[in-house]
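Q: I've just opened this one and I'd like to learn how to read a few of its features. Can you walk me through them?

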Amino acid sequence: MLIDDLKHLEHPTSQERLIIAYVLKHPDEVGGMTSGSLADATLTSPATITRLCKKLGLAGFSEFREQFVLEHSISAEGLLAQLNKPLIRNSYSAADVMNIMPRYYSRVIYETSSHLSVEAVSQALELLGKAQAVDLYGSGINHGMLERFSFQLQTLGKASSLFDTANIHMIECLSLESGHVSVIASHTGKNHAMVEAAQILSRRHLPVIGISSDPSSALAKASDVHLSIFTTPTIDKLSLVTYPVSLGYVTNLLYTALLPTRMAQMFDEGSATFYGREQEKGR
């Protein structure tokens, strides 16, 4: 990503640092600039700007401007700024939407990956790998997303149950030795029912993996491990698109990372062959 390359450019000159600082601080202006106007704004020269572009692997400022504007439009900051107005307009055709959505998905996944801590993911995988059973807690859209994750866990040989409130009677019967691990998802980390479930589990010394967009939320504080994900704040900012993509990425990441430890115990012939045989029976 060009913006990331700019932020982590090795050994920039003092003039290059001025250019980089300016475009990162004023990203909305770059699309209307020429190399000359950018040189004037940064007290550098068009030649310096061209050399910086070539150092970044680009032919010149025109290519830099085009790629920078595209990346900013689908960056976290650009997305939030762009979503102050409708992303999808009445004039858009199906082809327009099909062009927008892949870039939107890609950026959401990229931002989610950037928000995740490698250490936290590793700790979550260690807990899930040792778990005898995984209890999932979520309400609303989280409940639907975790239902898919429950199915994925079952294909790994993990007993998995899904709840929308604290299952008090079950929790009271569990101990640390029972091997139960809980995964609790909440968009904001403030959902009362989910926070209560996490707190009850914590008091029973049962491991909790929390997933939310706020690392300082009540859910995060009540969890042994918290996975912080990216989302946009409200429905008019496409939160009902952003959040499921982000949460789905996290659960798919956990499933994929756990999969190699279970593959030897799975079908020798593969599921495609199995389902093909089932279709033939149906005939």
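Q: How many aromatic pairs are there by the ring rule?
A: The rule looks at rings of Phe, Tyr and Trp (its six-membered ring): they pair if their centres lie within 6.5 Å, and planes under 30 degrees apart count as stacked, over 60 as edge-to-face and the rest as tilted. Here the count comes to three aromatic pairs. One of them is Phe64 with Phe68, a stacked pair at 5.7 Å centre to centre with 15° between the planes. Keep in mind that this is a predicted model, where local features need pLDDT of at least 70, side-chain atom pairs count only at pLDDT 80 or more, and totals for chains, interfaces and linings use all residues. Residues are numbered from 1 along each chain as its sequence is written, and side-chain values use heavy atoms, with hydrogens and water left out.

Q: Where do Phe64 and Phe68 lie?
A: Helices (H or I, at least four residues) and strands (E, at least two) are DSSP runs, numbered from the N terminus. Both Phe64 and Phe68 sit in helix α5 (residues 61-73), four residues apart, which is about one turn of the helix. Ring pairs also link Phe61 with Phe64 and Phe68 into a cluster.

Q: Are Phe64 and Phe68 buried or exposed?
A: Buried means under 20% relative accessible area, exposed over 50%, and partly exposed in between (1.4 Å probe, protein chains only). Phe64 has 3%, so it is buried, and Phe68 is buried as well, at 1%.

Q: What kind of pair do Tyr137 and Phe163 make?
A: A tilted one, because their ring centres are 5.2 Å apart and the planes are at 35°. Tyr137 belongs to strand β1 (residues 133-137) and Phe163 to strand β2 (residues 159-163), so this pair ties together parts that are 26 residues apart in sequence. Tyr137 is buried at 0%, and Phe163 is buried at 16%.

Q: In which sense do β1 and β2 pair?
A: Two strands pair if DSSP finds at least two bridges between them. β1 and β2 have five bridges and run in the parallel sense, with Phe163 in β2 as the bridge partner of Tyr137.

Q: Which helix does the chain pass through from β1 to β2?
A: A crossover is right-handed if, with the strands pointing away from the viewer, the path from the first strand over the helix to the second runs clockwise. Here the chain goes from β1 through helix α9 (residues 141-155) to β2, and this β-α-β crossover is right-handed.
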